[in-house]
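Notebook open, viewer open. I'm going through this one contact by contact and jotting down what I look up.

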Amino acid sequence: MNSHLKSQVSQLPNVAAEAGDAIAQEAVRFGELAKSWWQRNADVVRDAAGTVRHEAAAFGSRTRLYVKDEPVKSVLVAAAVGAAVTGLLMLLLKRDR
């Protein structure tokens, strides 16, 4: 073996160690990025869930007030929605046959 090749072969363990260190550093950096992304998105989902809960509660309150103030209209609206849903279901079931 010539001396240049021997020199390169002797440096292989050092190069492999450096490559391993670089890969480990990148893996740590990737892990930190993934953790940061997960936390940001978890906060967004938590905020969205809170907003949905708040809106559902407000909708429920408005519905109760509407039913209290307009009982006849409420029954008519409920009947119309029920008829529309029943009609759609019958149409879909008829189409499947």
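Predicted model: local features only at pLDDT ≥ 70, side-chain atom pairs only at ≥ 80, totals over all residues.

How many aromatic pairs does a search of the whole structure find? I get one. Trp 37 and Trp 38 make up that aromatic pair, at 6.4 Å centre to centre with 50° between the planes, and it is tilted. My cut-offs: rings of Phe, Tyr and Trp (its six-membered ring) pair if their centres lie within 6.5 Å, with planes under 30 degrees apart called stacked, over 60 edge-to-face and the rest tilted. I note both values because a pair of aromatic rings is described by the distance of the centres and the angle of the planes.

Residues are numbered from 1 along each chain as its sequence is written, and side-chain values use heavy atoms, with hydrogens and water left out.

Next I checked accessibility for the two rings. Trp 38 is exposed at 60% relative accessible area, whereas Trp 37 is partly exposed at 49%. The scale I use is buried under 20%, exposed over 50% and partly exposed in between, with a 1.4 Å probe and protein chains only.

**Salt bridges**

I counted two salt bridges, taking a side-chain nitrogen of Lys or Arg within 4 Å of a carboxyl oxygen of Asp or Glu. Arg 46 and Asp 43 meet at 2.5 Å, N to O. Arg 29 pairs with Glu 26, the closest N and O atoms being 3.2 Å apart.

Where do Arg 29 and Glu 26 lie? Both are in helix α1 (residues 3-69), three residues apart, about one turn of the helix. Arg 46 and Asp 43 are also both in helix α1, again three residues apart. My helices are DSSP runs (H or I, at least four residues), numbered from the N terminus.

Arg 46 counts as exposed at 51%, and Asp 43 is partly exposed at 38%.

**Along α1**

I also looked up Ala 42, which lies in helix α1 and is partly exposed at 25%.

**Nonpolar patch**

Which residues form a nonpolar patch on the surface? I list Tyr 66, Val 67, Val 77, Val 81, Val 85, Leu 89 and Leu 92, with about 600 Å² of accessible area together. Patch members need over 30% relative accessible area and no salt bridge; nonpolar side chains (Val, Leu, Ile, Met, Phe, Trp, Tyr) are joined within 5 Å, like charges within 9 Å. Areas are Shrake-Rupley with a 1.4 Å probe, and for residues only the protein chains shown count as cover.

α1 and α2 (71-96) each supply at least two residues, and α2 gives the most, with five. Leu 92 is in helix α2 and is partly exposed at 46%.

**Ser 74**

Buried or exposed, this Ser 74? Buried, at 11%, and its place is in helix α2. The Ser 74 side chain reaches the backbone oxygen of Glu 70 at 2.7 Å. Leaving out residues up to four places away in sequence, Ser 74 touches Tyr 66 and Val 67 (contact: heavy atoms within 4.5 Å). Tyr 66 and Val 67 are also in my patch list.

Conventions. Polar contact = N/O pair within 3.5 Å; in protein donor to acceptor, adjacent residues only side chain to side chain.
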